[in-house]
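Hello,

I am handing over the structure we talked about, and I would be grateful if you opened it beside this message while you read. My notes on what was found in it follow below.

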Amino acid sequence: MSHVDSLIREPLILGKDKTYRKITDDIVRNTEGNPPREWWIAFAIAVLGLLLYFVAVGWTIFKGIGVWGLQKTVNWAWDITNFVWWVGIGHAGTLISAVLLLFRQKWRTGINRAAEAMTIFAVICAGQFPLIHMGRIWQGFFIFPYANTRGPLWVNFNSPLLWDVFAISTYFTVSLLFWYSGLMPDFATIRDRAKTKKRKFIYNVLSFGWRGTAKQWSRFESLSLILAGLSTPLVLSVHTIVSFDFATSVIPGWHTTIFPPYFVAGAIFSGFAMVQTLMLIARKVQKLEDYITIAHIESMNKVIVLTGSIVGIAYITELFIAWYSGYLYEQYAFYNRAFGDYYWAYWSMMTCNVLSPQLFWFKKFRRSIFVSFFMSIFVNIGMWFERFVIIVTSLHKDFLVSSWNYFSPTWVDIAIFIGSLGLFFTLFLLFARTFPVIAIAEVKSIFSSISEAAQEKERNNKH
Amino acid sequence: MNKGKKEHKNYIYGIYSHEDNFLNAIDSIRSNGVEIDDAYSPFPVHGIDEKLGLEETQLHTAGFVLGLTGTFTALGVITWISFINYPTIFGGKPFWGLPAFVPIIFELTILMAAVGMFFVYIKRNELFPGKIPLMVDERTTDDKFALAFGTDDMSSDNVDKIKGLLQSSGAEEVHTKSFE
């Protein structure tokens, strides 16, 4: 039986005149009619970015990865930085929908759909980099365990690079299914209010013919809960395995046992920052301020300050352990990070990731849209630099002084990175115009317990 | 709703606007010994399964079995490849070093459980792309709740009885629907 959680609790759905019908209208409206001009402008810029991506990747494949700034000392740089950055961003969606579902956090419902979409698009971007950095992409199928004709010679099951293939592809598949199973009922809602036959047909195909009977919902809830249970260890395992790419090597600066938890915290940190950036824009452009409220923004900022602080502790622990180990090369690797040629990258990382999020200990800043927006951008910049620092500073001064080198990106490196943003935003903008950006059914399910309208009604009943 | 449930051609159904009335109506109708064929709602309503007397779904069992299939598939394939088919020494490690296999075994467990369960889910829920849904009222995916009764095998007296029950349970509208 429905009842209001508490009258003093901050409502998650604002608007005293809200009804189920109004919720449907507010959310579905954004997929109907012609897109506004802002959308077209944003879409045009994103598509330009995507074209740049095709050009730069095409050139890379045509000429080989020699067109990047790599050399024999720094033989892994922007490609893998971008990969880890995107995978990290791709962590928040499943975290929001899975972990917060298990913890019964109702504020999840306002943002989970868009966050999951962001996850899927970010993983698509991430997946590009291992493929193109192979150099000979047409032999990419070698990563799968198939018996080739020269042996049979199989893949190496002891290699974290192979684990990564399984982790990322599993993560992508499971996130996609989780996202899509939640979308079916909402597609049915769009279908049933569609005016034209064509629209009805398309959304019916997308909804898989959803009806919304009690038995369907019962299975739906069971599926969501179990997928959440499966995704929770999965999301933690994915970035753990990504960190193994570095941690299982013998390079000073990479060979550390703190990497798995530190990478996972960093991934959640950057993912939430990206969700924050996107949600702040989406709620404004799509007029969804009643559903993505200041309470949601504040909750996300709390997660950002928590995970940012965990990342900060990890940075300091690394420094301490490097000193405490008494191992000269390890000590030098960290000294070199902070005071070597790439000191600027290190201190950008420290400022953006550790210092600036501390502002969020103050409620005033947590609830400020302006501060939240700039902070989310800072965090994403900081997290990109974190991966750059870990990868490049650990490599550029290797064991042989004569081969010490400084890495500078070429235009292709830069174009591929900017292009991957184009790919991401093209996908996200298409999503925002055609799919329900907020999980309609889930928002309705919390409506009678924690909305402003329900609280108002309860108050009136009491008097 | 239940296994082997018959699809009817004709239905009579009542519409409710509020989930509380909807849940109370289920109680009041079932207390008269009449079983409800379909209950439609725009979102999952808590406690409806017990009220309707639905059995708990067995989806989790499918997930468990499929997950175990993934575990043993991965373990079996990796063992066969690295210990029997083509043993290779990598950095002096043992041919069969279980800790190194854990990540892939884990990932395959999750993958098979999730993908398998998704397919079991759409099969059991009779969902597939392009399926034409048989719904008594389109408003039930927006803001209305509905209780539906198949009337193919019913006498007109019984249909009237159900109509009366729906009205007395607080249904705001009572309609009939025929599927071709």
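**Cavities and helix packing**

The residues that line the largest cavity divide into seven nonpolar, no polar and two charged. Please keep in mind throughout that this is a predicted model.

The lining of the largest cavity is made up of A:Tyr262, A:Tyr315, A:Glu318, A:Leu319, A:Phe334, A:Arg337, A:Tyr346, A:Met349 and A:Ile390, and the space inside this cavity comes to about 40 Å³. Helix 10, helix 11 and helix 12 (343-355) of chain A are the elements that give two or more residues to this lining, and helix 10 of chain A gives the most, with three residues.

How many cavities of 30 Å³ or more does the structure hold? There are two of them, and the second largest cavity contains about 30 Å³ of space. Around the second largest cavity you will find A:Trp68, A:Trp78, A:Asp79, A:Asn82, A:Phe129, A:Asp413 and A:Ile416, a lining that divides into four nonpolar residues, one polar and two charged. Helix 3 (78-89) and helix 15 (411-434) of chain A each supply at least two residues of this lining, although the largest share, three residues, comes from helix 3 of chain A.

Let me return to two of the helices named above. Two packed helices are described by the angle between their axes and the distance between the axes. Helix 10 (residues 294-325) and helix 11 (residues 328-339) of chain A pack at an angle of about 140°, with their axes 8 Å apart, and helix 10 of chain A passes helix 11 of chain A in a left-handed crossing. On the side of helix 10 of chain A, the contact is made by A:Glu318, A:Leu319, A:Ala322, A:Trp323 and A:Ser325, while helix 11 of chain A contributes A:Glu330, A:Gln331, A:Phe334 and A:Arg337. The residues of this contact divide into four nonpolar, two polar and three charged.

Finally, it is worth looking at helix 1 of chain A. Which residues of helix 1 (residues 20-28) of chain A are buried? They are A:Tyr20, A:Ile23, A:Thr24, A:Asp26, A:Ile27 and A:Val28. Within chain A, these buried residues pack against helix 6 (160-192) and helix 16 (440-450), and in chain B they pack against helix 1 (19-30) and strand 3 (145-150).

With best wishes

Definitions and conventions: Residues are numbered from 1 along each chain as its sequence is written. Chains are lettered from A and ligands numbered from 1 in the order in which they are written. This is a predicted model: local features need pLDDT of at least 70, side-chain atom pairs count only at pLDDT 80 or more; totals for chains, interfaces and linings use all residues. Side-chain values use heavy atoms; hydrogens and water are left out. Buried means under 20% relative accessible area, exposed over 50%, partly exposed in between (1.4 Å probe, protein chains only). Helices (H or I, at least four residues) and strands (E, at least two) are DSSP runs, numbered from the N terminus. Contact means heavy atoms within 4.5 Å. Axes are lines fitted to C-alpha atoms, for helices over the stretch in contact, and angles run from 0 to 180 degrees between N-to-C directions. A crossing is left-handed if the near helix is turned anticlockwise from the far one by less than a right angle, and right-handed if clockwise. Ala, Val, Leu, Ile, Met, Phe, Trp, Tyr, Cys and Pro count as nonpolar, Asp, Glu, Lys and Arg as charged, and the others, Gly among them, as polar. On a 1 Å grid over the protein atoms alone, a cavity is a set of points where a 1.4 Å probe fits but cannot get out, and a pocket is an open set with protein on both sides within 12 Å along at least five of seven lines; lining residues have an atom within 4 Å of a point. Grid points are joined across faces, edges and corners, and a volume is the space filled by probe spheres set on the points.
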